[in-house]
Amino acid sequence: MTSESTRLVSVWGSPGFGKTSVAIVVGHQLQARELPVFFLSLRGLKSKSDLTSKFLSLFRQARTLETNKLQDLSADDELCLIFDRLSDHCVIILDNADDLFECGAPNVKEEVFNLIEEILNRSDKVNFLLTTRESLPYLNLHFQGYRVVSCFLMRVLRLTKFSIQQ
Ligand SMILES: Nc1ncnc2c1ncn2[C@@H]1O[C@H](COP(=O)(O)OP(=O)(O)O)[C@@H](O)[C@H]1O
Ligand SMILES: [Mg+2]
């Protein structure tokens, strides 16, 4: 996640397999290395503008830019300005990303995908971690030109007692 060449890490697996837990642990480990981490759950979001608003509220809280520079800008322009001027490396965790991709509203998957690509293009200081139930290729999401690391989570059965009877 801290590698400059890997811009996106995809953690995928069935519900209950531990994706959110992994994302939280990774987030804490990165914060311990003094890397700013923004954690967003996309559960319940219905449009790209819902996601833009979430991004803006997080970045405004973090005071990434002076607010007086942002007057009269549209939400999209404000977000672009924030990523254009980002000076520190940061990681954005999008938990339950497929909740938004698959919410059923027309074009939302393409619009959100384009937004993530736009952010990756605008700033090489941002890395993403996405959690989804299916893999990104299965969701037909192909981040061309960026190195993506994909982690598939499987439920591991722990055997507390094991014996062989002959
Ligand atoms: N490594 C683990 N060992 C034991 N329980 C775990 C582990 N990882 C997650 N859990 C538990 O499994 C449940 C589901 O985890 P969660 O991270 O919410 O899964 P997902 O996000 O894939 O739906 C939670 O109750 C969590 O505390
Ligand atoms: Mg989860």
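Visitor: Which exposed residues does the face of α5 turned away from its buried side carry?
Guide: This model is predicted: local features need pLDDT of at least 70, side-chain atom pairs count only at pLDDT 80 or more, and totals for chains, interfaces and linings use all residues. Residues are numbered from 1 along each chain as its sequence is written, while chains are lettered from A and ligands numbered from 1 in the order in which they are written. A residue is buried if 20 or more other C-beta atoms lie within 10 Å of its own, exposed if 12 or fewer, and partly exposed in between, with C-beta atoms placed from the backbone. On the face of α5 turned away from the buried side, the exposed residues are N114 and N121.

Visitor: Within what arc do the buried residues of α5 fall?
Guide: V108, V112 and I116 are the buried residues of α5. Their arc (taken from the directions from the helix axis to the C-beta atoms) shows that they line one face of the helix, since it spans 70°.

Visitor: In what order do the elements of the chain run from the N terminus?
Guide: Helices (H or I, at least four residues) and strands (E, at least two) are DSSP runs, numbered from the N terminus. The chain has 5 helices and 5 strands. Their order is β-α-β-α-α-β-α-α-β-β.

Visitor: How far apart are the end C-alpha atoms of α2?
Guide: The expected span of a helix is 1.5 Å times one less than its number of residues. α2 covers residues 48-61, 14 residues in total, so it should span 20 Å. The model agrees, with its end C-alpha atoms separated by 20 Å.

Visitor: Which residues of α2 are exposed, and on which side?
Guide: Start with the buried ones: K48, L51 and F55. They cover an arc of only 60° around the axis, so they sit on the same side of α2. On the other side are the exposed S57 and Q61.

Visitor: What covers the buried residues of α2?
Guide: Look for contacts, meaning two residues whose C-beta atoms, placed from the backbone, lie within 7 Å. The cover includes three helices by name: α3 (75-84), α4 (97-101) and α5 (108-122).

Visitor: Is V37 buried or exposed?
Guide: V37 lies in strand β2, residues 37-41. Leaving out residues up to four places away in sequence, V37 touches G27, L30, Q31, V91 and I93. It has 20 other C-beta atoms within 10 Å, so V37 is buried.

Visitor: How far apart are the C-alpha atoms of V126 and R7?
Guide: V126 is in strand β4. With 18 C-beta neighbours inside 10 Å, V126 counts as partly exposed. V126 and R7 are 119 residues apart along the chain, yet their C-alpha atoms are separated by 7.2 Å.

Visitor: What is the phi of N96?
Guide: Most residues other than glycine have a negative phi. N96, in the loop between β3 and α4, is buried, with 21 other C-beta atoms within 10 Å. Its phi is positive, near 55°.

Visitor: And what is the phi of N140?
Guide: N140 is found in the loop between β4 and β5. It has 11 C-beta neighbours inside 10 Å, so it counts as exposed. The phi of N140 is positive too, near 65°.

Visitor: How do the residues of the shell around ligand 1 divide?
Guide: The shell is G13, P15, G16, F17, G18, K19, T20 and S21; a residue is near a molecule or strand if its C-beta atom, placed from the backbone, lies within 6 Å of it. Ala, Val, Leu, Ile, Met, Phe, Trp, Tyr, Cys and Pro count as nonpolar, Asp, Glu, Lys and Arg as charged, and the others, Gly among them, as polar. The shell divides into 2 nonpolar, 5 polar and 1 charged.
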